[in-house]
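Open the model in your viewer and show it as a cartoon. The stops below say what to select and what is there.

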Amino acid sequence: MATSFEEAKVTVPAVLDSKGERKLTMLTAYDCTMAKLADRAGVDMLLVGDSLAMVVQGNENTLGVTMDEMIYHTRMVARGADRALVVGDMPFLSYQVSPVDAVANAGRMIKEGGAACVKLEGGINMAETVARLVDVDIPVIGHIGLTPQSVHRMGGHKVQGRKGGDGPGARERLLQDAAALQDAGAFAIVIEGVPAELGATITDAIDVPTIGIGAGPDTDGQVLVCNDVLGLEDRFVPKFVKRYAELGKIAENAIVSYVDEVRGEVFPGPEHCFSAPRAVGNRKRAAS
Ligand code: KIV
């Protein structure tokens with residue numbers, strides 16, 4: 001009996017074949033625990049995003065995270081992924097300097113990190129690099145629109161391709177970027193922070209799946225940051241994020257209970273001890 005897409009291990013060809021057949025789900029993960037949860041929940045692709053520079057490391061933008069740090073987190077995620085395709089995000093300046101650098105660093109993401117493919121930001125300007133990676137059998141996902149590694153050029157994390165927004169031709173440039181990535185061999189393209197109608201237009205214009213984040217409902221799949229989906233963050237939450245739970249509040253309340261119980265000599269109770277503890281009163285006197 002043939003295994004369904006939902007059951008089988010997700011591969012690069014399976015992602016390519018999904019266009020027009022089913023919606024793809026991608027979620028970021030930065031460690032083994034989150035990878036296992038998302039994998040069990042049926043997420044198709046786990047992106048070890050360079051967003052970890054902000055979400056895990058607490059930086060203001062994604063620029064500072066290093067190749068070694070990305071590999072460290074990718075290795076953890078790969079250990080937790082059973083079905084999902086693991087995507088290693090290429091950090092700032094790990095691929096822009098030269099295609100040779102890009103091959104060496106993306107190769108490390110596969111060999112040392114255990115990723116099945118890499119993602120990198122850019123369009124026409126990265127087409128040669130994408131082609132070189134694909135040529136040595138490193139599958140690539142492109143990323144266009146609001147590309148966080150271009151934060152200084154964009155003057156912030158701003159929506160791209162708005163009609164009359166980013167100067168004449170911005171929308172056409174994004175369409176050309178998507179086409180150039182596809183022609184270079186990218187097997188999927190993340191589209192971030194563009195008007196919904198442009199997300200749909202780009203999706204219709206190319207044959208490889210698009211995965212949107214803040215790009216409307218008509219892309220071939222969606223990606224979100226796991227900490228946003230789970231409501232773990234206090235920081236600014238963009239309009240395109242849907243918080244499916246408020247785990248941050250639940251976690252904080254749990255920790256408050258722990259602190260209270262330790263201070264009130266409620267925890268650890270007899271059930272947490274290897275032999276019978278002294279009575280509570282004795283413990284208080286012994287401490288004073
Ligand atoms: O780094 C990241 O998490 C990303 C996604 C938001 C697409 O690039």
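Predicted model: local features only at pLDDT ≥ 70, side-chain atom pairs only at ≥ 80, totals over all residues.

Are they buried on one face or on both? Met45 and Leu47 point to one side and Leu46 and Val48 to the other, and all of them are buried, so that both faces of the strand are covered, buried here meaning under 20% relative accessible area.

Next select β1, residues 24-28, which pairs with β2 in the parallel sense over three bridges. Methionine 26 is the residue that stands opposite methionine 45 in β2. To get from β1 to β2, follow the chain through helix α2, residues 32-41; this β-α-β crossover is right-handed.

Now colour the strands and view them together. Eight of them close into a barrel with parallel pairing, in the order β1-β2-β3-β4-β5-β6-β7-β8. From one strand to the next, the twist averages 25 degrees.

Move on to β4, residues 117-121, which is joined to β3 by three bridges in the parallel sense. Select aspartate 89 there and look across: its bridge partner in β4 is lysine 119. Helix α6, residues 127-135, lies across β4 and β5 (140-145) and runs at about 175 degrees to β4. Helix α8 packs on the sheet, where it touches β5 and β6 (188-192), and its direction makes about 175 degrees with that of β5.

Within α8, which spans residues 170-184, select aspartate 177. Which side chain of opposite charge is nearest to aspartate 177? It is arginine 173, at 5.9 Å. A salt bridge needs the nitrogen and the carboxyl oxygen within 4 Å, and aspartate 177, although buried, has none. Leaving aside neighbours within four places in sequence, the contacts of aspartate 177 are Gly123, Ile124 and Ile144.

The next stops concern the backbone. Most residues other than glycine have a negative phi, and most peptide bonds are trans.

Select aspartate 137, in the loop between α6 and β5. Its phi is positive, about 65 degrees, although the residue is not a glycine. Aspartate 137 has a relative accessible area of 68%, so it counts as exposed.

Then go to the loop between α11 and α12 and select glutamate 265. Glutamate 265 also has a positive phi, near 60 degrees, and is not a glycine. Its relative accessibility is 21%, so glutamate 265 counts as partly exposed.

In the loop between α11 (247-263) and α12 (280-287), select proline 268. Proline 268 is partly exposed because its relative accessibility is 36%. For a distance across the model, pick the C-alpha atoms of proline 268 and methionine 67: they are separated by 42 Å and lie 201 residues apart along the chain.

Finally, zoom out to the whole chain. Its secondary structure comes to 12 helices and eight strands. The C-alpha trace spans about 75 × 50 × 40 Å along its principal axes. Of the 288 residues, 47% count as buried. Among contacts with a separation of 6 or more, 57% are between residues 24 or more positions apart.

Conventions: Residues numbered from 1 in each chain as written. Heavy atoms only, no water. Helix = DSSP H or I, 4+ residues; strand = E, 2+ residues; numbered from the N terminus. Buried < 20%, exposed > 50% of the residue type's maximum accessible area, 1.4 Å probe, protein only. Lys, Arg positive; Asp, Glu negative; His and termini not counted. Contact = heavy atoms within 4.5 Å. Pairing = 2+ DSSP bridges. Right-handed = clockwise from strand over helix to strand, strands pointing away. Axes fitted to C-alpha atoms, helices over the stretch in contact; angles between N-to-C directions.
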